[in-house]
Amino acid sequence: MSSLQVLITAALLLAAVLGGSNAQLSATFYASTCANVSSVVRGVLEQAQSSDVRIGAKLIRLHFHDCFVDVILSLSLTTATVGCDGSILLDNANGIESEKDAAPNVSADGFEVVDDIKTALENVCPGIVSCADILAIAAQVSVSLAGGPSWDVLMGRRDGTTANREGANNLPSPFAALDVNLKKFTDLGLDSTDLVALSGAHTFGRARCITFSQRLYNFSGTGNPDPTLDTTYLETLRQTCPEGGNGNTITNLDPSTPDGFDNNYFTNLQNNRGLLQSDQHLLSTTGADTVAIVNRFGNSQSAFFDSFGPSMINMGNISPLTGNNGEIRSDCKKVN
C-alpha cells in the first residue's frame, strides 16, 4: 500500500469515527437487501457444527478479538479508533500485517467457516453483507445453537482495509490481573457487567495448557499451585497438562457442560474451578465489584442470559465503520 493510499485510508476511517457518517447499526439493516441473512448463516453453522462441536466457541472468539482490536490512526494530529471491522480476518498482504499472527490469535480458528458463510451469502446477496457483520451474526447463532440466549444483532458494519497486529497483541489476557483486563474494557466504553457477562462465553469451548499451566505448578514463582484452584480440579488438570508437557494440548473451559451455553461457568468459579487465571480472578479478587456479578449469574441462569445479549451488543458497537466508509469485502481474507 502506497503512502498516498495509507493517507486516504486513514482519512476515510477518521471520517467514519469523527462524524463522516450518521448511519447507525440496526437489527433490520438487511431487511430489504438480504432478508434471510441470519438463516443463511445458521444453515452453514449447523452443517459446520456437525463436524466440529467447537465451531461456535471459535466464532464468538473471532468476533470478540475483532471488536477489541482498535485500528488506531493519526492524521493531522487527530486520532481515531475503529473496532468491529473484520480486521482479524485479513491475511498478510502489502501494507497489512495480519492480526492472525499476533500471539493471542495463533490458536484462533474458524476462518474457513467464515469463508463458507461469505460464499453462501454472496450467492444470494452479492456485495451486501460485510465480513464484520458475519462475525456478529455468527456469534449470536453459535450461542443460540448451543442452548444460550438470543438477541437482536445490530448490523450495518462495514469492513476495514487495514489491520493492527500490535493491538491484537494487547488483547485482554488469561494471565492478567482483574484490574488490568477491566481497564481494557473500560477504555472501550464497557463496564464490569460487560466483562463478567462476556467472560461467560467461556462456558463452552476449549483452552490450551499453555494458557493456564502456570497455575498448576509454580504459580507466581511460589513453587506451589494457585491457591484459588480446587484441589481435586487441580489434580485433574495436572493429568491433562503434566509439567513440561505439550502446551498445545486442549481441555474444556467448562468441565461440567463443555459444549452447552449455560451459567455453569459461574458455578464453576463459585467452586474454585475456573480454568483461566483471568476467569477465577472475577470472583477471587477481594473487594472487586465483579464478585457480586459472578454470584448473581451463578445463582440465576436467566440473570446471565438477560445480561449476555446486551453486553454482546455493547461490544459490537465499539466504533464500527458505517455508511459509505470502509467497504464490503468480496473475500473476507483480503481487501477488494
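Among contacts in the protein (heavy atoms within 4.5 Å) with a separation of 6 or more, 75% join residues 24 or more positions apart. The model is predicted, with local features needing pLDDT of at least 70 and side-chain atom pairs pLDDT 80 or more, while totals for chains, interfaces and linings use all residues. Residues are numbered from 1 along each chain as its sequence is written, and side-chain values use heavy atoms, without hydrogens and water.

**Overall make-up**
- The protein has 13 helices and four strands; these are DSSP runs numbered from the N terminus, with helices being H or I of at least four residues and strands E of at least two.
- Of its 336 residues, 51% count as buried (under 20% relative accessible area; exposed is over 50% and partly exposed in between, with a 1.4 Å probe and protein chains only).

**Annotated binding site**
- An unreviewed UniProt entry places the feature "binding site" at Asp66, Val69, Gly83, Asp85, Ser87 and Glu99. UniProt positions are in the numbering used here, feature names are shortened, and annotations may be inferred rather than shown by experiment.
- These residues gather at one spot, because no two of their C-alpha atoms are more than 12.9 Å apart although they span 34 residues in sequence.
- From this set, Val69 belongs to the lining of the second largest pocket.
- Gly83 sits in the loop between β2 (78-82) and α4 (111-124) and is buried, with a relative accessible area of 0%.
- Beyond its neighbours within four places in sequence, Gly83 is in contact with Cys67, Val69, Asp70, Ile318, Ser319 and Pro320.
- Glu99 also lies in the loop between β2 and α4, and at 0% relative accessibility Glu99 is buried.
- Leaving aside neighbours within four places in sequence, the contacts of Glu99 are Val69, Ser87, Ile88, Asn105, Ala163, Asn164, Arg165 and Ala168.
- Side chain to side chain, Glu99 makes a polar contact with Ser87 at 2.8 Å. A polar contact is a pair of N or O atoms within 3.5 Å; within protein, one must be able to donate a hydrogen and the other to accept it, and residues adjacent in sequence count only if both atoms are side-chain atoms.

**Pockets**
- Pockets and cavities are found on a 1 Å grid over the protein atoms alone: a cavity is a set of points where a 1.4 Å probe fits but cannot get out, a pocket is an open set with protein on both sides within 12 Å along at least five of seven lines, and lining residues have an atom within 4 Å of a point.
- Grid points are joined across faces, edges and corners, and a volume is the space filled by probe spheres set on the points.
- The largest pocket holds about 1100 Å³ of space. It is lined by 47 residues, of which Arg61, His65, Pro174, His202 and Leu276 are the closest to its centre.
- Elements giving two or more residues to the lining of the largest pocket are α3 (55-67), α7 (178-186), α8 (192-199), β3 (206-208), α11 (277-284) and α13 (301-316). The largest share, six residues, comes from α3.
- The lining of the largest pocket has 27 nonpolar, 12 polar and eight charged residues (Ala, Val, Leu, Ile, Met, Phe, Trp, Tyr, Cys and Pro count as nonpolar, Asp, Glu, Lys and Arg as charged, and the others, Gly among them, as polar).
- The second largest pocket has a volume of about 270 Å³. Phe68, Asp70, Gly167, Asn170 and Leu188 are the closest to its centre among 15 lining residues.
- For the second largest pocket, α6 (165-168) and α7 give two or more lining residues, and the largest share, three residues, comes from α7.
- The lining of the second largest pocket divides into seven nonpolar, three polar and five charged residues.

**Cavities**
- The whole structure has three cavities of 30 Å³ or more.
- About 60 Å³ lies in the largest cavity, which is lined by His63, Ala136, Trp151, Val153, Leu154, Arg157, Met312 and Ile313.
- The lining of the largest cavity comprises six nonpolar residues, one polar and one charged.
- The second largest cavity has about 50 Å³ of space; its lining includes Gln49, Arg54, Phe204 and Asp259.

**Helix α11**
- Seven of the eight residues of α11 are buried, so α11 is largely enclosed by the rest of the structure.
- The cover over the buried residues of α11 includes α7, α8, α10 (264-270) and α12 (290-299).
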